[in-house]
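Reader: Could you walk me through this structure, one feature at a time? I would like to learn how to read each one.

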Number of protein chains: 2
Amino acid sequence: MNLVALAGGVGGAKLADGLQRVLGEDLTVIVNTGDDFERHGLRISPDLDTVMYTLAGIANPETGWGIAGDTFNSLEMLARYRGDAWFNLGDRDLATHILRTQMLREGMTLSAVTRALSRALGVRATIVPMTDQAVMTIVNTDAEELAFQEYFVHRRWQPVVKSIRFAGIENANPGEGAIAALQRAEALVICPSNPFVSVAPILAVRGMRAAIQRASVPTIAVSPIVGGEALKGPAAKMFHELGIEPSAVAVAQRYNGLIDGFVLDQLDAAHGDEIRALGIAVLVTDTVMKSEADRERLAQEIVDWVTRLHAR
Amino acid sequence: MNLVALAGGVGGAKLADGLQRVLGEDLTVIVNTGDDFERHGLRISPDLDTVMYTLAGIANPETGWGIAGDTFNSLEMLARYRGDAWFNLGDRDLATHILRTQMLREGMTLSAVTRALSRALGVRATIVPMTDQAVMTIVNTDAEELAFQEYFVHRRWQPVVKSIRFAGIENANPGEGAIAALQRAEALVICPSNPFVSVAPILAVRGMRAAIQRASVPTIAVSPIVGGEALKGPAAKMFHELGIEPSAVAVAQRYNGLIDGFVLDQLDAAHGDEIRALGIAVLVTDTVMKSEADRERLAQEIVDWVTRLHAR
C-alpha cells in the first residue's frame with residue numbers, strides 16, 4: 001500500500017519508523033522544514049534529521065533527536081571559540097550538516113540532498129522535505145518574535161506564544177515528488193506531531209492542502225495530545241496559550257475537513273463520540289510508542305484500519 | 001625583540017612555539033597557506049592550524065597536527081555517507097574549519113579569521129597567513145599534477161616530484177600586517193620547514209622576498225635537514241627527486257642571498273665550513289626538538305645569537 005505520512009520531529013519520526021517497518025519502500029514521509037536554520041554557517045534541518053536518523057535506525061533513543069552514542073567534542077571546541085553552544089550538535093550529526101550545506105551550496109535541492117543522505121544511511125522509505133524553498137517558522141511571543149529554534153531550544157519553549165507565522169511560505173512549492181506521492185497514495189497519515197509548528201507548515205505549502213483534499217483516499221491523523229498533555233514538546237502549552245483547551249478533540253477539530261479518521265489513545269476513549277460527531281471515524285488504541293515494537297504495532301493497526309476506512 | 005618567523009607545518013610550529021615562549025607578543029609568525037584546500041565544503045588551512053594549535057598548547061604531541069585527545073566520530077560518519085575519508089579531520093579540529101569557513105563566507109579575510117581564532121585560543125604571538133588570496137601548491141609528479149594535500153596526505157608523498165608551482169601566486173598579496181611586521185622586525189627566522197613547499201610559497205608572495213631583503217636585520221634559517229634526512233615529511237625525498245643531494249648545505253645554498261646565519265645540527269657540524277664559505281654565519285647546536293624544553297632552549301639560543309649577528 002502506497003502511503004504518505006506527514007511528520008515533524010520525534011513523535012512523527014517514531015510513527016514513520018513503524019510505517020516503514022510495515023510498508024518499506026511504499027512509504028513516503030513529507031517532513032516539516034519550517035524549523036530549519038543556519039548555525040555556524042551550516043544548514044540544519046532538525047525534523048528531517050530526526051526522521052532520517054529514526055528511519056535509518058541510528059537515532060538516539062533517549063533524546064529522540066541526534067545520533068545514538070554521539071559525542072560532543074566539536075561543539076565543546078565551538079564553544080571555546082565562541083562561547084555560544086545552546087544548540088546541541090553531535091560530532092556524527094555534524095557530518096550530516098556539513099554535507100547538506102556543501103551539497104546545497106553546489107546547487108542541489110534540499111529534496112535531492114535528503115534523498116542522497118537517506119539512501120546512504122539505508123533508509124527504505126522516501127523522505128521529502130515539505131519544500132525546497134526557505135520557510136521560517138516564527139513564533140510571536142508576548143515579548144518578541146523568535147525564530148523557531150531560538151524559541152524551542154534556546155528559550156526551552158518557555159515564552160508565551162501569541163501567534164505563529166511561516167515566513168517565506170508564499171514562495172514555497174512542495175518538495176520534489178511530494179505531490180506525485182500524494183496522487184499515488186492509497187492512504188494519508190498525519191503523524192502525532194505538533195499541529196501548530198510541525199503539521200501546519202506542511203499544510204501551508206502552496207498546493208499541499210489541495211493535493212491532500214483532492215486525493216480521495218482515507219486520510220487519518222494520530223493525536224499528539226494524550227490525556228490533555230503533549231507526549232513531548234510544547235503542543236499542549238501552545239493550545240493553552242492560543243486559548244484552546246488542549247485535548248485530542250481540539251486536535252481533531254483542527255484537522256476537520258481534511259481527515260476521515262482519527263486515532264485516539266485509550267486514555268482519551270471517552271472523547272470518541274465528540275470526534276465521531278464531527279463525522280470523523282475513530283480508532284481507539286494505545287498510541288504511546290515506548291518501544292520499536294510499539295511503533296510497528298501502531299503502524300500495523302493504522303494500515304489495517306485505513307484499508308477499511310471510507311474516504312470523504 | 002620584535003622577531004618575524006616564517007613557518008610551514010610541524011617543525012616550523014615547534015620552533016615558533018619556542019620563540020613564543022621566549023618573546024611572547026613580540027613574535028609574528030608568517031605561515032604558508034599554499035596547502036590550504038577545501039574538503040566537504042570546509043576551508044582547511046593545515047599549516048595555519050598546526051601553528052595555531054601548537055602556539056595555543058593544544059596540538060597533538062604525537063602527530064604534530066590536529067588537537068590533543070581529539071576524536072574522529074564526525075569523520076567516521078562522513079565516510080559512512082561518502083566513503084572518502086583520506087584526510088584526517090578530528091571532531092575538535094572541525095570546529096576550526098567550520099568557523100573559518102563561516103567567517104570567510106561572511107567576508108572576513110583569512111588574516112582576520114586567523115587573528116580571531118588564535119586570540120580565542122589564547123595565542124600570544126601574531127599569526128599571519130602568507131596571503132589572503134587563494135594560492136595552491138601544485139606538485140607536478142611523474143604521473144600527473146596533484147594539489148598538495150592530494151600528494152602529501154592522500155598519496156602519502158610517494159609520487160616522484162618533477163617540479164612544484166604555486167597557482168595563483170601572481171595575484172597574491174602578503175597577509176595583513178606581514179609587511180609591517182617585517183619592517184618592524186629586529187630579526188627574521190626561517191623555521192625548519194620544507195624549503196620547497198613550506199618556505200618557497202611564502203617567499204614567492206609578491207613583495208615578501210623584497211621586504212625581507214630590505215629589512216637590514218639579521219636573518220637566519222634553521223635547517224630542516226639533519227644528517228641528510230628530513231626530520232619529518234618529504235623534504236629530503238624532494239631534494240633527491242629534484243636532482244640535489246639532500247643536506248643542510250643544500251638548504252643553506254637555497255637561502256643564499258637571503259640569510260646572514262644558518263643553524264646547523266651538531267650532527268652536521270662537519271659541514272659548517274662549507275656554509276661559512278658562502279658568507280653565512282653558522283650556529284651549531286642541537287636542532288631536534290623532542291620536548292617543549294627543547295623548543296624553548298633552541299629558540300633562546302637563536303634569539304641570543306641573532307642579537308650578536310651582523311646583518312648583510
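Predicted model: local features only at pLDDT ≥ 70, side-chain atom pairs only at ≥ 80, totals over all residues.

Reader: Let me start with one residue: in which loop of chain B is B:Thr287 found?

Author: Residues are numbered from 1 along each chain as its sequence is written, chains are lettered from A and ligands numbered from 1 in the order in which they are written, and side-chain values use heavy atoms, with hydrogens and water left out. Helices (H or I, at least four residues) and strands (E, at least two) are DSSP runs, numbered from the N terminus. B:Thr287 lies in the loop joining strand 14 (281-285) to helix 13 (292-308) of chain B.

Reader: Is B:Thr287 buried or exposed?

Author: Buried means under 20% relative accessible area, exposed over 50%, and partly exposed in between (1.4 Å probe, protein chains only). B:Thr287 has 3% relative accessibility, so it counts as buried.

Reader: Which residues is B:Thr287 in contact with, leaving aside its neighbours within four places in sequence?

Author: Contact means heavy atoms within 4.5 Å. With those neighbours set aside, B:Thr287 touches B:Val222, B:Val226, B:Val263, B:Leu264, B:Asp265 and B:Leu298.

Reader: What is there to notice about phi of A:His40?

Author: Phi of A:His40 is near 55°, a positive value in a residue other than glycine. A:His40 sits in the loop between strand 3 (37-39) and strand 4 (42-44) of chain A, and at 5% relative accessibility it counts as buried. In chain B, B:His40 also has a positive phi, of about 55°, and at 6% relative accessibility B:His40 counts as buried.

Reader: How are the two copies related?

Author: Copies are superposed by least squares on the C-alpha atoms of residues with pLDDT of at least 70 in both. Here a rotation of 180° with 0.0 Å of shift along its axis places chain B on chain A, with an RMSD of 0.0 Å. The copies are thus related as by a two-fold rotation axis. B:Asp91 is the residue of chain B that comes closest to that axis, at 3.1 Å (C-alpha).

Reader: Through which surface do the copies meet?

Author: They meet through the same surface, because 100% of the interface residues of chain B are also interface residues in chain A.

Reader: At what angle do helix 4 of chain A and helix 3 of chain B pack?

Author: Axes are lines fitted to C-alpha atoms, for helices over the stretch in contact, and angles run from 0 to 180 degrees between N-to-C directions. Helix 4 (residues 91-105) of chain A and helix 3 (residues 73-82) of chain B pack at about 50°, with their axes 7 Å apart. Angles under 35 degrees count as roughly parallel, over 145 as roughly antiparallel, 65 to 115 as roughly perpendicular and the rest as oblique. That makes helix 4 of chain A oblique to helix 3 of chain B. Among the residues making this contact are A:Leu94, A:Ile98 and A:Leu99 of helix 4 of chain A, and B:Met77, B:Leu78 and B:Tyr81 of helix 3 of chain B.

Reader: At what angle do helix 2 and helix 4 of chain A cross?

Author: The axes of helix 2 (residues 46-55) of chain A and helix 4 of chain A cross at roughly 120° and come within 12 Å. That makes helix 2 of chain A oblique to helix 4 of chain A. Their contact includes A:Leu48 and A:Tyr53 of helix 2 of chain A, and A:Thr96 and A:His97 of helix 4 of chain A.
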